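Biologist: I would like to learn how to read a model feature by feature. Could we look at one together?

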Amino acid sequence: MLVSATAMLQAAEKGHYAIPAFNTNNLEWTKSILTAAEETQSPVIIECSAGAAKWMTGYKVVATQVATMVETMNITVPVALHLDHGTYEDCFKAIEAGFTSIMYDGSHDDFETNLARTKELVALAHGKGISIEAEVGGIGGTEDGVTSNGELADPEQCKIIADTGIDFLACGIGNIHGLYPENWAGLSFDRLSEIKALVGDLPLVLHGGTGIPQDQVAKAISMGVSKINVNTDLQVVFTKAVREYIEAGKDKEGKGYDPRKVLKPGTEAVVARAKELLEQFGCTGKGWN
């Protein structure tokens, strides 16, 4: 059974650990994420962007796939299905499809529009028992075709958005989506501290979790980051493992061309890497019912 992300993230905030939100891209991704979470007894958030949902033919397919696999795989840890970087319109579609958590990303709109729509979506989501994330300050890099530089969110705006009743907040602290360039300045812990001082015990979200040095991740978690989004990291290890399979010529051995055999090294790599991250973020053994 899928659950809202609220309780698991509140527990993470109090316990000073973080829960990874792994993006799913297909059935293999969902299976790998659930396998890693169950084997480490970790709560987990599976999230899906509009682009990935389109690839999988729609939000309903994603929701049905995840919910069914939680049941058929006998998953015992809490699993939330979250909309990643949803537009205003996407949020309604995901809720209707059966997602248990949404992110409204109004950071690309003017602040008043972001605030008004966040208020509306908080009321809608909470009326259905669904958790909601909002964003202040664009996250750098490119996500579903939207590109921005690493920004530092305005603490006062974070406070105003937090007061709408959202369940967790994404705020720019210099992080970016995708792979980090060599000249990246690092996370701004001063800005993170300013934001946390104003929003209290509200769980904070770190987008662009791939490539941030582990010591910076650990420090961010200790300062109130309770959800860390990871996508590129798993895509890189998946592709590397599949490439090695092909370059070794294994697809030409017997029925090595079977797509299940081709994809198996990649899915195993995703499981292994996800388990490493669950351990690094401190949430292994934190699964509960």
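Modeller: Gladly, let's start with a single side chain.

Biologist: Is histidine 85 buried or exposed?

Modeller: Burial is read from relative accessible area: under 20% is buried, over 50% is exposed and anything in between is partly exposed, using a 1.4 Å probe and protein chains only. Histidine 85 has a value of 14%, so it counts as buried. Before we go on, this is a predicted model, in which local features need pLDDT of at least 70, side-chain atom pairs count only at pLDDT 80 or more, and totals for chains, interfaces and linings use all residues. Residues are numbered from 1 along each chain as its sequence is written, and side-chain values use heavy atoms, leaving out hydrogens and water.

Biologist: Where does histidine 85 lie?

Modeller: Histidine 85 is in the loop between E3 and H5. Such labels come from DSSP runs numbered from the N terminus: helices (H or I) have at least four residues and strands (E) at least two. The backbone of histidine 85 is worth a look too, with a positive phi near 50° in a residue other than glycine.

Biologist: What is the phi of histidine 16?

Modeller: Histidine 16, also not a glycine, has a positive phi of about 60°. This histidine sits in the loop between helix H1 (6–15) and strand E1 (19–23).

Biologist: How accessible is glutamine 41?

Modeller: Glutamine 41 has 32% relative accessibility, so it is partly exposed. Its place is the loop between H2 and strand E2 (44–49). For contacts, we ask for heavy atoms within 4.5 Å. Not counting residues up to four places away in sequence, glutamine 41 touches Thr76 and Val77, and also Cys283, Thr284, Gly285, Lys286 and Gly287.

Biologist: Which residues is threonine 30 in contact with?

Modeller: Beyond its neighbours within four places in sequence, threonine 30 contacts Thr24, Ile46, Gln65, Val66 and Met69. Threonine 30 belongs to helix H2 (residues 27–40) and is buried, with a relative accessible area of 0%. Thr24 also turns up beside alanine 52, which touches Thr24 and Asn25 when residues up to four places away are left out. Alanine 52 is in helix H3 and is buried at 9%.

Biologist: At what angle do H5 and H6 pack?

Modeller: Helix H5 (residues 88–97) and helix H6 (residues 111–127) give about 5°, with axes 11 Å apart. Under 35 degrees counts as roughly parallel, over 145 as roughly antiparallel, 65 to 115 as roughly perpendicular and the rest as oblique, so H5 is roughly parallel to H6. Tyr88, Cys91, Phe92 and Ile95 of H5 meet Arg117, Glu120, Leu121 and Leu124 of H6.

Biologist: What else do the buried residues of H5 pack against?

Modeller: Besides H6, they pack against helix H3 (50–55), helix H4 (59–72), strand E3 (79–84) and strand E4 (101–104). The buried residues in H5 are Tyr88, Asp90, Cys91, Ala94, Ile95 and Ala97. Glycine 98 follows H5, with a positive phi near 115°.

Biologist: How far apart are the axes of H10 and H11?

Modeller: The axes of helix H10 (residues 232–247) and helix H11 (residues 259–280) are 8 Å apart, at an angle of about 145°. Among the residues that meet are Leu234, Val237 and Phe238 in H10 and Val262, Leu263 and Pro265 in H11.

Biologist: Which way do the residues of strand E8 point?

Modeller: In a regular strand the side chains alternate between the two faces of the sheet. In strand E8 (residues 168–171), Phe168 and Ala170 point one way and Leu169 and Cys171 the other, and all are buried. Strands pair if DSSP finds at least two bridges between them. E8 pairs in the parallel sense with strand E5 (residues 131–136) over four bridges, and alanine 170 is the bridge partner of glutamate 135. E8 also pairs in the parallel sense with strand E9 (residues 204–206), over two bridges; there leucine 169 has leucine 204 as its partner.

Terms used:
Axes are lines fitted to C-alpha atoms, for helices over the stretch in contact, and angles run from 0 to 180 degrees between N-to-C directions.
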